[in-house]
Amino acid sequence: MRIPGTAVIEGDHLVSTSPATGSEVGRVPVAGTADVVRAVEQARDAGHWWAGLGFTGRRERLLRWRRLLAQRMEQLAELVHVEGGKPVPDALVEIVIAVEHIDWATRNARRVLGARRMRSRLVLAEFSAHLEYQPYGVVGVIGPWNYPVFTPIGSVAYALAAGNAVVFKPSEYTPVVGQWLVDTFAEVVPEQPVFTAVHGLGDVGAALCRAGVDKLAFTGSAATARKVMAACAESLTPVLVEAGGKDAMIVDADADLDAAAEACVWGAMTNAGQTCIGIERVYAVEPVFDAFVDKVVQRAGRLTVGPEDADIGPITMPSQLDVIRRHISDALARGGRAALGGPDAVQPPYAHPTVLVDVPEDSVAVREETFGPTLTVNRVRDADEAVARANALPYGLGGSVFGRRRAATIARRLRSGMASVNSTLTFAGMSTLPFGGVGESGFGRIHGADGLREFARAKAVTRRRARSLLPSTTFERTPADVARLVKAVKMLYGR
């Protein structure tokens, strides 16, 4: 029996193990640098074929893949549960959202990316203007382990719908789930290796950055994102980065406290707190602070922890248990108080819910990503102080505001790429909206129309349709032509 949740190289294979039991889940071949380069070269040829199918041909095949995933949801959810430790109901919800994103990207690709005529302007009125979006060619995707279906699909499905081939490097902690996605796609698109996987540790991700992909989408820590960007910078390969967060919830004086507490516990504890957009900090205004904390503790205290039929499963990556324990201990050492849980809540391979209150803002539990079922709740004078504290960190992924009269206004003031009002995490499932952050949470967007455009190059085309009445871009122009042009501009814009 191996150490639960470890990624082990045995010979030329990567062995994946259950974080709950340590039993082997499966094994996949490890890719060397030459294998990664070969995969990108094959994807480039396949990509020409895929792009040539046009929106209609790609739509038909992607909808078949969507249908297959929907039909096999239970099988995939069980695999996600065994390999990553996620409770089956949570895995099913993750897959439902992923299927929705495949459907939206597929059905809207032509509308968002199709060729269109643009309006001309005065100076070049004799020309027509056209815009189209062309696929990059080959997109590399480096995915995470915490949402091994939903997160990579947010890049993969949109890149495929835009006409690209994709080479996917799943996390070494969930390689079997990643390969399952690739294999099911190959069932409905057997003609060419349009969507393939390369497996291994960090060196395989680095090789993918340098293998000649035309764009790379990365999800992971900010520290790893910097390494990815440095590798891609060598060839000026464009990068899309989602680098995690330390999302905050603000609870205003007129909030529905029962609804806020219920959403807070879900946003903080779902997937054992291993959620990049998870709620890790709460700022509740003084008048409702005590009542809110009581309601949160009551709900979080009811959550069950265990390998099967529990609300919270094991921590997927064993090293994260030390991070969770360190954050809890530091918060208490600095004067914070555990309203629920504490250092003893970390019982490998599990971490039980912990609610810390009155935690100093300079503690690591407030400033660093915890990635566990641990929550800090601090009191503030008013919403202005809450916003200031929420925005004080370099992260800026998502956030949440609970209240009535001012909630939407407060949400707009959050320095984040996304925000939910009177809910948590809901923007992730909204396929019509872009997903991404600012600051150390990254840049670029997946999902929605912006997500489709992220995986295509804008191509501008002009075409002469008449003789120039105000010739300007030619050496044949005369002083009189320039004078008429200047006079026309002054009449139109100089008033």
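**Exercise 1. Describe the largest pocket by its volume and its lining.**

*Solution.* The largest pocket has a volume of about 930 Å³. A pocket is defined on a 1 Å grid over the protein atoms alone, as an open set of points where a 1.4 Å probe fits, with protein on both sides within 12 Å along at least five of seven lines. Its volume is the space filled by probe spheres set on the points, which are joined across faces, edges and corners.

The model is predicted: local features need pLDDT of at least 70, side-chain atom pairs count only at pLDDT 80 or more, and totals for chains, interfaces and linings use all residues. Residues are numbered from 1 along each chain as its sequence is written, and side-chain values use heavy atoms, with hydrogens and water left out.

The next step is the lining, meaning residues with an atom within 4 Å of a point. The largest pocket is lined by 38 residues, and Phe218, Thr219, Gly220, Ser221 and Thr224 lie nearest its centre. At least two lining residues come from each of α7 (202-209), β9 (215-219), α8 (222-233) and α11 (320-333). Helix α8 gives the most, with seven residues. Helices (H or I, at least four residues) and strands (E, at least two) are DSSP runs numbered from the N terminus.

**Exercise 2. Locate the annotated Glu242 and list its contacts.**

*Solution.* The "active site" annotation on Glu242 comes from an unreviewed UniProt entry. UniProt positions are given in the numbering used here, feature names are shortened, and annotations may be inferred rather than shown by experiment.

Glu242 belongs to strand β10 (residues 239-242). Its relative accessible area is 6%, so Glu242 is buried; the cut-offs are under 20% for buried, over 50% for exposed, and partly exposed in between (1.4 Å probe, protein chains only).

Contact means heavy atoms within 4.5 Å. Apart from neighbours within four places in sequence, Glu242 contacts Phe218, Thr219, Gly220, Cys276, Leu397, Phe435 and Ser441.

**Exercise 3. Is Asn271 buried or exposed, and what is the phi of Asn422?**

*Solution.* Most residues other than glycine have a negative phi, and most peptide bonds are trans.

Asn271 has a positive phi of about 55°. This residue lies in the loop between α9 (257-269) and β12 (279-285). With a relative accessible area of 5%, Asn271 is buried.

For Asn422, phi is near 60°, again positive. The loop between β19 (420-421) and α15 (426-429) holds Asn422. Its relative accessibility is 39%, so Asn422 counts as partly exposed.
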